[in-house]
Amino acid sequence: MSASLTRVLLLLCLCIAAATMRTEEAAGGGGYMKYKDPKQPLNTRINDLLSRMTLEEKIGQMTQIERIVASAEVMNKYYIGSVFSGAVSVPSEKDSAETWVTMVNDFQKGSLSTRLGIPMIYGIDAVHGHNNVYKATIFPHNVGLGATRDPELVKRIGAATALEVRATGIPYVFAPCIAVCRDPRWGRCYESYSEDHKVVQAMTQIIPGLQGDIPPNSRKGVPFLAAGNKKVAACAKHYVGDGGTTKGIDEDNTVINRHGLLSIHMPPYYNSIIEGVATIMVSYSSWNGVKMHANRDLVTGFLKNTLRFRGFVISDFMGIDRITSPAYANYSYSITAGINAGIDMIMVPYNYTEFIDGLTFQAKNKIIPMSRIDDAVRRILRVKFIMGLFENPLADLSLVNQLGSQEHRDLAREAVRRSLVLLKNGESADKPLLPLPKKTSKILVAGSHADNLGYQCGGWTIEWQGSSGNDLTHGTTILTSIKNTVDPETEVVYKENPDAEYVKSNDFSYAIVVVGEPPYAETFGDSLTLTLPDAGLKTITNVCGAVKCVVIIISGRPVVIQPYVPLLDALVAAWLPGSEGQGVADVLFGDYGFTGKLSRTWFKTVDQLPMNVGDPHYDPLFPFGFGLTTTPTKAN
């Protein structure tokens with residue numbers, strides 16, 4: 001054999017060997033892979049992994065499914081990128097943190113067993129604490145936190161929530177809601193911090209609480225998550241204008257010009273992106289008749305290109321289905337419209353094979369360009385790398401004691417104290433009723449909400465719509481907090497709906513009436529009347545017509561109360577305080593002072609709505625920012 005022929009054969013063998021190595025690497029086989037090396041730059045890891053992925057694997061990453069249809073086998077077979085718990089979707093009733101960790105890890109092991117071993121991300125709604133999980137601390141809903149005017153407090157709540165979510169093995173939350181609710185008739189108004197975007201912007205400090213403080217000089221728009229296992233990826237929602245719909249109708253149409261949208265509803269997103277928020281969820285609602293889930297101008301044009309957001313955009317629950325009316329009328333079109341608008345991950349949540357097959361067909365037939373698929377996957381991988389999921393994909397039990405810890409309950413109790421707004425205190429400033437004396441002969445506690453933990457927590461608590469009673473989770477009712485606080489010699493009498501004769505004949509020193517809205521969530525809370533239930537109004541009339549009384553209103557928004565104000569000696573807006581009712585008694589009896597200020601305008605009649613601070617026809621019962629104060633009766 002000639003020397004030249006030998007050289008040719010040797011070169012040929014080397015080429016075949018190199019090609020074989022490349023094939024093995026592309027198949028995710030052995031050997032060094034840059035995407036698995038945490039020392040490599042972020043974009044190097046993303047590009048390396050993306051270059052190895054098949055179309056099937058890419059579309060799997062864009063798919064988020066509900067835990068009820070998930071399994072290790074499904075994760076492996078379809079390369080599913082994310083799993084989530086929908087409302088009321090738990091492993092089983094009153095489960096422990098350990099049970100949650102085991103479930104999440106089982107799904108994760110399915111993902112890790114795939115060719116490339118891309119970890120999945122598990123998400124859950126944690127909108128006022130880890131609210132789906134038994135024994136978790138339930139913080140006041142956002143409407144109450146807005147009344148505190150304290151971003152630092154809200155940041156601490158974010159940090160506590162992150163620990164409790166991580167205690168159950170979950171690294172991603174669908175929070176915060178940064179809606180600017182402009183009409184209290186909306187059933188989600190309690191999820192909004194305020195009608196004023198400046199208050200909502202300040203309260204986006206919950207994001208560094210959840211995710212950790214973004215380092216100075218970080219690139220604007222790039223998501224951030226602190227190292228370790230004590231923080232969670234956040235999700236600012238619902239982009240954009242969800243709080244501005246006509247008459248507050250949930251998921252409806254926000255009619256406003258571009259300047260109004262950008263100056264009222266968009267500002268909290270500016271703050272969230274600067275703070276490094278990892279994901280943003282699109283709103284079910286429309287802007288001037290265009291569904292947000294199909295709005296390429298605002299999702300791709302403004303959010304991604306103008307604001308330079310580099311995390312991933314996620315749909316709401318069956319969000320693309322609702323692009324058509326009726327929903328799911330043309331699912332193929334919904335896939336096209338949603339993905340081409342710029343949504344990166346689709347919360348399917350159940351019929352994932354239909355979504356995967358539909359998107360695969362459209363990608364192969366260039367209805368959706370591969371560049372759009374790659375943009376979506378690149379963003380999802382960016383968040384997963386930043387979260388450290390490739391290095392630490394499995395949860396452990398090291399944080400299980402954080403769930404419902406005393407430290408977090410103390411923080412929630414502080415938040416309750418700070419959120420209470422005193423609207424009336426005596427007939428004149430020199431004759432206040434509050435703070436109430438702890439030592440007296442006999443007091444009456446009345447009303448549907450005085451001894452009902454479910455009512456005081458509101459919607460999104462264990463159950464999606466909330467529930468009634470004291471068995472849903474651990475906490476302290478307002479009645480219990482009153483009994484804990486008064487002098488041992490003071491007799492506390494509880495009667496939910498006493499008649500006037502009973503009140504008159506029992507020689508009470510004073511009465512505390514706790515009434516409000518029944519719990520609700522989303523569309524089920526839409527109300528054109530905003531009236532309290534008849535039983536609650538009757539209790540106010542019977543009690544306050546017969547004895548000196550303070551009325552505490554438990555509600556997710558201002559309600560019709562004007563006709564009853566002259567009858568009351570004192571009036572407190574307690575919003576939806578959550579599990580730590582002791583915070584109410586702390587302020588009621590003077591251990592702490594009232595400091596809360598209205599984050600929403602309290603209207604006189606619903607005919608005035610929508611009415612927000614700064615409007616020309618502004619004529620409220622209690623204006624935005626109003627809140628009387630009291631002085632603590634002892635040093636704390």
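This is a predicted model: local features need pLDDT of at least 70, side-chain atom pairs count only at pLDDT 80 or more; totals for chains, interfaces and linings use all residues.
With a relative accessibility of 24%, Phe626 counts as partly exposed, because the partly exposed class begins where the buried class, under 20%, ends.

Next, select Trp575 and Trp602. Across the model there are 16 aromatic pairs. Trp575 and Trp602 make one of them, a tilted pair with 6.0 Å between the centres and 45 degrees between the planes. Trp575 belongs to strand β17 (residues 570–575), while Trp602 lies in the segment after α21 (582–588); the two are 27 residues apart, and the pair links distant parts of the chain. Is Trp575 buried or exposed? Trp575 is buried, and Trp602 is buried too.

Phe622 and Phe626 form a stacked aromatic pair, 5.5 Å centre to centre, with 20 degrees between the planes.

Now select Phe84, Tyr172, Phe174, Phe312, Phe317 and Tyr350 together. These residues form one aromatic cluster.

Select Tyr284 and Arg322: the charged end of Arg322 sits over the Tyr284 ring, 4.1 Å from the ring centre. Then select Phe508 and Lys442. Here the charged end of Lys442 sits over the ring of Phe508, and the distance to the ring centre is 5.2 Å.

**The annotated domain**

Select residues 54–383. In an unreviewed UniProt entry, this span carries the feature "domain: Glycoside hydrolase family 3 N-terminal". The span is 40% helix and 10% strand, and its end C-alpha atoms lie 20 Å apart.

Leu55 has a relative accessibility of 19%, so it counts as buried. Which residues does Leu55 touch, leaving aside neighbours within four places in sequence? They are Thr360, Ala363, Lys364 and Met370.

**Helix α10 and its cover**

Select helix α10, residues 258–265. Its buried residues are Gly260, Leu261, Ile264 and His265. Looking down the axis of α10, these buried residues fall within an arc of 100 degrees, so they line one face of the helix. An α-helix has 3.6 residues a turn, so residues three or four places apart point the same way.

To see what covers the buried residues of α10, show α8 (197–203), β6 (253–254), α11 (267–274), β8 (286–287) and α12 (296–306), which are among the covering elements.

Stay with α10 and select Arg258 together with Asp297. They form a salt bridge, and the closest N and O atoms are 3.0 Å apart. Arg258 is in helix α10 and Asp297 in helix α12, 39 residues apart, so the pair links distant parts of the chain. Both ends are partly exposed: Arg258 has a relative accessible area of 34%, and Asp297 has a relative accessibility of 39%.

**Further salt bridges**

A search of the whole structure finds 30 salt bridges. Select Arg409 and Glu580 for another one, with 2.7 Å from N to O. Arg409 sits in helix α16 (residues 406–419) and Glu580 in the loop between β17 and α21; they are 171 residues apart, and this pair also links distant parts of the chain.

Now select Asp150, Glu152, Arg156, Glu414 and Arg418. Salt bridges that share partners join these residues into one network. Within this group, look at Glu152 and Arg156, whose side chains meet in a salt bridge of 3.1 Å, N to O. Both belong to helix α7 (residues 151–167), and because they are four residues apart, about one helical turn separates them. Glu152 counts as partly exposed at 44% relative accessibility. Arg156 is partly exposed as well, with a relative accessible area of 31%.

Notes:
Residues are numbered from 1 along each chain as its sequence is written. Side-chain values use heavy atoms; hydrogens and water are left out. UniProt positions are given in the numbering used here, feature names are shortened, and annotations may be inferred rather than shown by experiment. Buried means under 20% relative accessible area, exposed over 50%, partly exposed in between (1.4 Å probe, protein chains only). The arc is that of the directions from the helix axis to the C-beta atoms. Contact means heavy atoms within 4.5 Å. Rings of Phe, Tyr and Trp (its six-membered ring) pair if their centres lie within 6.5 Å; planes under 30 degrees apart count as stacked, over 60 as edge-to-face and the rest as tilted. A charge sits over a ring if NZ of Lys or CZ of Arg is within 6 Å of the ring centre and within 35 degrees of the ring normal. A salt bridge is a side-chain nitrogen of Lys or Arg within 4 Å of a carboxyl oxygen of Asp or Glu.
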